[in-house]
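User: Please take a close look at one part of this model: the contact between the chains. Then place it in its wider setting.

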Amino acid sequence: MKYLFTLLLLICLEINFLAAQAALEKQIQTRLILAEDGDVIDLPAGTIELSNTLSLDAKRDIVIRGAGQDKTILTFKNQTQGAEGIKITNAQNIVLEHFTIEDSKGDLIKTQSVKGLVFRDITARWTGKPKASNGAYALYPVQCQTVRIERCTAIGASDAGIYVGQSDSVWVTECVAKNNVAGIEIENTTNAWVWKNQAFDNTGGILVFDLPDLLKKRGGHVKVYDNLIGRNNYKNFAPKGNIVGQVPPGTGVMILATNDVEIYQNKIWENKTVSTAIMSYFITENPIKDKEYNPYPSNIYIHDNIYSEGKRMPTWKSKMGFIFWWKFGKNVPHILYDGIQNPDWVDSNGQLKAAYRICVRQNENGTFANLRADKLGLFKGKISKNIGPYDCAL
Amino acid sequence: MTAHYKIFGLLGIVCLLMGAAHPVQQENNVLNSVTEVPTRQMEAGLKQNLSEYAFFIGPLANLLAASNVFPYEVNAPLFSDYAEKARFIYLPAGTKMQYHADASFDYPEGAVIIKNFFYWNNAAQPELGRRIIETRLLLKDAKGWKALEYVWNTDQTDAILEVAGGATPVSWHMANGKQQRIDYTIPNLNQCKGCHSYDGKFTPIGTTTKQLNLDLPGGENQLLLFQKRGILDLPEGFDPVQAAHLADYRKPGNTDAAARAYLDSNCAHCHNPNGPASTSGMFLNVEENNPEHLGIGKPPVAAGRGSGKRKFGIVPGKPAESILLFRMEDNDPGIRMPEIGRQLMHEEGVALIKNWIREMK
């Protein structure tokens, strides 16, 4: 009898809990829909289970505020509807702060077409062992303008923890990204500053990419400085088909097919395959059909970084890693340039013209090699370790 | 026996107490302004019941159009978990829609587009009746369009305003005899705009020339009929054969035309250069002719596990290697396309797109 009572009590507790959660979800969503410009929307302390994306659209001057990262926890582990955890669209001056968000089916927080956006003191993570079935991005502003991401933590994304796409005027600072495929990724984005962050135990620490076929064709004017980028040796668990699936485990910083990027004063250590790679889009071996797309990196300046001492062992679990091992064994130089150049950008001596230079200078332990690869593949080139043509400042 | 009663009685009281106490406590936390919500709705002058609009005469569930309410059909409907739709346009007396050859028609202030979602109890025998689940309204006011959502009561006597959406269990027999059962999802108002968005602004989707240019049963062209009724001015010399029209993908015909019509109505509301999925670079509107933007040989941008380990949007001749098909076939919320409005795979749609890719060279 006693047991029956206890059992029924537990069932009753559970039913009450679920009903309360559903009611709470509805209240929060209603509040977001009916919010008036200037509202502060407080999320209560406690673990809140959500079944559907929380969405905010076409509002101005809204703050969505939790009670603290360790107090307000939004969990989407039983999500049945919508792909994102939180989705914010067509808005202006939005602040998201002081909460933890977990385990959505797709991206955790996606913001699109928002002008003036702050992510502050947010933990965005997939719990458990990092896996391909985790969503793509933890924090995902796309087509946004004036974005500040500060003191946020991103864990477990099967693509990028902090991913800024097709945006302009972006600050990413004092964030931690770990156990993601890419820790922090700046893609087809202009005027981004990434400083004082920690990217460790990802497959790749910080990536700056321009990809083809997008509306915002060209990123660039990106500064990456004063970051700690270490031990990014996590296995690549991206679902196949995604471009980051090609990033070899053990990548510190990778610059792909973009322009005007300055990487300086970072501490980049114990990334076993390559500490800093400067690559063209050709290394992806994907076809390029976008006629307006520029697949070559240009105006890249790598200086005053501190690289770790000692030998490292490139991964064999990626084609790129294997090639590096094949060419260099355990002595992979810290800074690798694929050397694939736009024929229109070189002078009569075969050097890049002033407007398109790649400069590498004053890096502690910063060994360098130009793979002098070919559009047809990384295997073809004859390596040059001569830093001479690249010893310049921008 | 008495002991049982006591225990259950006590338990019942405990349950009630907790049930009552729990949400209240949460409400106080989350919404110091919970009482404001209804007030704000009232302030906005929103009607709480569908019946208040008087769009229909007689019993509401018969959906018999009142004057100034005009039924319409579309060439290529959006798949919504096999729900049937009854569509109407309300125009204030004496007003007209304004024709556009290649965009949504313009509407006068006060116009309302009305879409009722229902299931036949048995799709093979409509005479056995239907259950109307929801009615979605798009209202045009001075500021532009806005969406409202009304959910039908179980008696089918009226539908009540719902802001935050929800889910309701529905079961029915499909035309092929199969019993279906789903938790039908009613979108919240933001989700409406998830699709009804052009350059970030609220916009109707279905009332375009390409969707409305069709011959009604009986042979009359729908747009010419609208003109005859005085609710649309067509340009001089308008020729329905020359004007844009999507194929009715439900009827046998040219696979390419049917597939492009299907993708246009089921994907292109987001996947167009001005829509919410412009971020992806994949544009599936029927006007798009760049193979790369259609997904042919195009690697994914931000698909994540939505790529299904496949490399390209479309691989001609190889549906099993095309991401497009993978996302149409999967029902996981993080993978499926469209993202909202579909829980079940659309078997006929998948078969069509599969054929289209297979035949593609």
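Analyst: **The A–B contact**

Chain B puts 50 residues in contact with 56 residues of chain A. Contact here means C-beta atoms, placed from the backbone, within 7 Å. This is a predicted model: local features need pLDDT of at least 70, side-chain atom pairs count only at pLDDT 80 or more, and totals for chains, interfaces and linings use all residues. Residues are numbered from 1 along each chain as its sequence is written, with chains lettered from A and ligands numbered from 1 in the order in which they are written.

On the side of chain B that touches chain A, α1 (2-30), α2 (36-43) and α3 (189-195) of chain B each supply at least two residues. Helices are DSSP runs (H or I, at least four residues), and strands are E runs of at least two, numbered from the N terminus. The largest share, twelve residues, comes from α1(B). By class, this side of chain B has 23 nonpolar, 16 polar and eleven charged residues. Asp, Glu, Lys and Arg count as charged; Ala, Val, Leu, Ile, Met, Phe, Trp, Tyr, Cys and Pro as nonpolar; the others, Gly among them, as polar.

Now chain A itself. Its domain assignment gives domain 1 (1-111) and domain 2 (126-390). Such bounds come from an automatic or database assignment. The C-alpha centres of the two domains lie 35 Å apart. Their contact takes ten residues from domain 1 of chain A and ten residues from domain 2 of chain A. On the domain 1 side, strand β7 (residues 109-125) of chain A gives the largest share, three residues. That side has two nonpolar, three polar and five charged residues.

Definitions and conventions: Contact = placed C-beta atoms within 7 Å.
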